[in-house]
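This report goes through selected features of the structure shown below.

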Amino acid sequence: MSEKADIHDYLAELEDIPGTRIYTAKRARQGYHLNQFAMSLMKAENRELWKADEAAYLDRWPMSDEQKLAVRARDYNRLLDLGGNIYFLAKVFSTDGLSFVQAVSTMTGMSVEAYQAMMNAGGRSPDGIRSLKDAH
Amino acid sequence: MARISAGIATSHVPLLGVAVDQDKTSDPYFEPIFAGYEWTKRWEAERQPDVILLVYNDHASAFDANIIPTFAIGTGEQFKPADEGWGPRAVPDVFGHPDLAWHIAQSLILDEFDMTIINQMDVDHGLTVPLSMMFGTPAAWPAKVIPLAVNVVTYPVPSGNRCWMLGEAIRRAVESFPEALDVQIWGTGGMSHQLQGQRAGLINAAWDNRFMDSLIGDSEAARYIPHIEYLRETGSEGIEMVMWLIMRGALGPRTRLLHRHYHVPCSNTAIGHLVLEPG
């Protein structure tokens, strides 16, 4: 029961969850500078520089143009696709003054109000969205 | 001899810290959440533990993408609340217990758990929110706190079984410390939540409650739950529940339930809370 998992099987399973990007080494490598940029916003002086000129601030980081565009657009699903991790990206939306609920709801295609109503009604059921290859 | 007297499990949602800091704990949204911690606050005030070994995960606060320790123990004298993007929480600094922390670190390494040792770091909501839930708003935290940070962000994170084994090794470490100290171990994070993608907002109350059931008594079933089950059933951030297994492993072969609480929602998350005793 505790024998070592096969790394290839383990990683393949992580990709089998609908609407989810598990932060694997592949994503961590792709998103390294994006996440380090986001991390820099933990310092008040960096937040001031960022707010004053987002484009100039982003140009200080060796990020791809796609990553920079997605940050400017606050397109969090795109940022997850490009290697972003939500705990790092949280520094960006916190700097914008958004709560986790406000920011997270933007990734679901729902309005904040509809998302909050869903949470207040007990949240999203896992039924039917556990697996891509085997819907259950 | 030091001993582990109790274990606590709790979610550590940042919004709970906001509610405490802005004095909103009696608002209709928060009241049912905080009501479930009242028993524990009174119990903690009576117990007055000397040290809390607080298992949590850093949310890209002390550790960035550069250095990713799987298990890290804080051996410093003092830890400041982290600035997570909106300024540090206005809560007291956390005072460590370097003698016990270093003893545990050494004992764990001899026990083949190769810990990362951290002398200086800021502690984020993962650590300070549980303190607020259990102690309210004192001028100083009433116990010393040893932070034990677990990587549950970058995969692979440690297996549930490895976490349980670390808990067992922590018990051996604490029991070999010569000073008579009352030590509690807290496992934090969880329960169901997914903070990313189209599947965000996932909650599985039935699974969460089965998981809590499995930590009471002598069952060892929880240590063998694979990562993929946490992720499919409780959302991508539900994986934080492996940290509860460090607490459970440290309580020994059998536990007794003192208090239990579950509530949905808090922000994007299901709140779960257990108070357990060994035996």
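## Backbone details in chain B

Ala60(B) sits in the loop between strand E2 (51-56) and strand E3 (71-74) of chain B. Strands (E, at least two residues) and helices (H or I, at least four residues) are DSSP runs, numbered from the N terminus. Although Ala60(B) is not a glycine, its phi is positive, about 55°. The model is predicted: local features need pLDDT of at least 70, side-chain atom pairs count only at pLDDT 80 or more, and totals for chains, interfaces and linings use all residues. Residues are numbered from 1 along each chain as its sequence is written, and chains are lettered from A and ligands numbered from 1 in the order in which they are written.

Most residues other than glycine have a negative phi, and most peptide bonds are trans. The peptide bond from Tyr155(B) to Pro156(B) is cis, with omega near -5°. Pro156(B) belongs to the loop between strand E8 (144-150) and H5 of chain B. The bond from Val264(B) to Pro265(B) is also cis, with omega near -5°, and Pro265(B) is located in strand E10 of chain B.

## A sheet in chain B

In chain B, three strands make an open sheet with the order E5-E4-E7 and mixed pairing. Its edge strands are E5 (94-95) and E7 (122-123) of chain B, each of which pairs on one side only. Two strands pair if DSSP finds at least two bridges between them.

Strand E4 (residues 78-81) of chain B and E7(B) run parallel and are joined by two bridges. Opposite Pro81(B) stands Val123(B) in E7(B).

## Helix packing

In chain B, the axes of helix H3 (residues 98-110) and helix H5 (residues 160-175) come within 9 Å and cross at roughly 125°. Axes are lines fitted to C-alpha atoms, for helices over the stretch in contact, and angles run from 0 to 180 degrees between N-to-C directions. H3(B) and H5(B) are therefore oblique to each other; angles under 35 degrees count as roughly parallel, over 145 as roughly antiparallel, 65 to 115 as roughly perpendicular and the rest as oblique. The contact involves residues of H3(B) including His103(B) and Leu108(B), and residues of H5(B) including Ala169(B) and Arg172(B). Residues are in contact if their C-beta atoms, placed from the backbone, lie within 7 Å.

In chain A, helix H3 (residues 32-40) packs against helix H8 (residues 86-95) at an angle of about 45°, with the axes 8 Å apart. H3(A) and H8(A) are therefore oblique to each other. Asn35(A), Ala38(A) and Met39(A) of H3(A) meet Phe88(A), Leu89(A), Lys91(A) and Val92(A) of H8(A). By class, this contact has five nonpolar, one polar and one charged residues. Here Ala, Val, Leu, Ile, Met, Phe, Trp, Tyr, Cys and Pro count as nonpolar, Asp, Glu, Lys and Arg as charged, and the others, Gly among them, as polar.

## Domains and the chain contact

Chain A is divided into domain 1 (9-97) and domain 2 (99-129), with bounds from an automatic or database domain assignment. The centres of the two domains, taken over C-alpha atoms, are separated by 21 Å. Five residues of domain 1 of chain A are in contact with four residues of domain 2.

Between the chains, the contact takes 37 residues from chain B and 47 residues from chain A. On the side of chain B, helix H7 (227-234) and strand E10 (255-266) each supply at least two residues. H7(B) gives the largest share of that side, four residues. By class, the side of chain B that touches chain A has 17 nonpolar, 14 polar and six charged residues.

Note on methods:
Contact = placed C-beta atoms within 7 Å.
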